[in-house]
Amino acid sequence: MVLERRHVLGGAAVTEEIIPGFLFSECSYVVSLLRPEIIRELDLPRHGLEILPLDGTFSPMPSGDYLWRVNDHAKSIRDIRRHSRLDAEAYDEFFQDDDAHVPLCEAPALDDPPRSHHAQSQRLKQLHFLLQRFRELSSDERYTLVQLMTMSSADFLDQWFETDVLKATMSASGIIGTFLGIRSPGTAYVLLHHYMGEIDGAFRSWGFSRGRHRSHFERHR
């Protein structure tokens, strides 16, 4: 039996009409880390799931200027170059470096956690697999991975970039879903964690779930 405390079903994924004529996904407001394997197995598109790609991130500045990172990587780099030529050059290298670590961190995402001592041998096999993947990394990649697991998102980004507006908008991904700040140790991993997402095969993509509400469609039919 499943009990719902509120007047509408859905929990964190609920869609409600807060303003007449406009539907909002109130808590789970973006889609990225919903694994494609889960979408396929539950056949979610057949049940109404439609993901609208997030075009980009707009970061206003006190000076009246802004930074606009969009899905078009070349356009993002051009806008970053307005603020810093060095950061524009480092931006490509930063994501290439992170891409090397995503598969290692992504591998256990769908593994069942051990539930009893009977699962211990299977868990040891999984850990051995991760250890082998770690050994295959270069010494520089291992060093970066250890940093990602231990550093704060702000301190990690300080090593790569010099522009405050770029570091601010990127470090925010390190505190999503936490009660931490951008200087809290461990948030560098959260930063990497949010780069694991994909939308329709597009890596590092975010999107919005199109809101659907039967009574809304019936009223406006």
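These legends go through a few close-up views of one predicted model. Residues are counted from 1 along each chain as its sequence is written, and side-chain values use heavy atoms, leaving out hydrogens and water. Because the model is predicted, local features need pLDDT of at least 70 and side-chain atom pairs count only at pLDDT 80 or more, while totals for chains, interfaces and linings use all residues.

**View 1. D155 pairs with R183 in a salt bridge.** Side chains of opposite charge can pair when their charged atoms come close. Here, a salt bridge means a side-chain nitrogen of Lys or Arg within 4 Å of a carboxyl oxygen of Asp or Glu, and by this rule the count comes to nine. In this pair, the closest N and O atoms of D155 and R183 are 2.6 Å apart. D155 sits in helix α7 (residues 153–158) and R183 in the loop between α8 (164–171) and α9 (187–193), so the bridge ties together parts that are 28 residues apart in sequence. Helices here are DSSP runs of H or I with at least four residues, numbered from the N terminus. D155 is partly exposed at 33% relative accessibility, whereas R183 is exposed at 52%. For these words, buried means under 20% relative accessible area, exposed means over 50%, and partly exposed is in between (1.4 Å probe, protein chains only).

**View 2. K167 has salt bridges with D158 and with D164.** For K167 and D158, the closest N and O atoms are 2.8 Å apart; for K167 and D164, the N to O distance is 3.9 Å. K167 is buried, with a relative accessible area of 16%, while D158 is partly exposed at 37% and D164 is exposed at 59%. K167 and D164 both belong to helix α8, three residues apart, which is about one turn of the helix. Through shared partners, salt bridges join D155, D158, D164, K167 and R183 into one network.

**View 3. The largest nonpolar core has 21 residues.** Such a core is a set of buried Ala, Val, Leu, Ile, Met, Phe, Trp, Tyr and Cys residues joined through side-chain atoms within 4.5 Å. Y91, F94, F156, F161, L166 and M170 touch the most other members. Helices α2 (73–83), α3 (85–99), α7, α8 and α9 each supply at least two residues, and α3 gives the most, with five.

**View 4. A look at the contacts of F161.** Contact means heavy atoms within 4.5 Å. Leaving aside neighbours within four places in sequence, F161 is in contact with D87, A90, Y91, F94, L166, K167 and M170.
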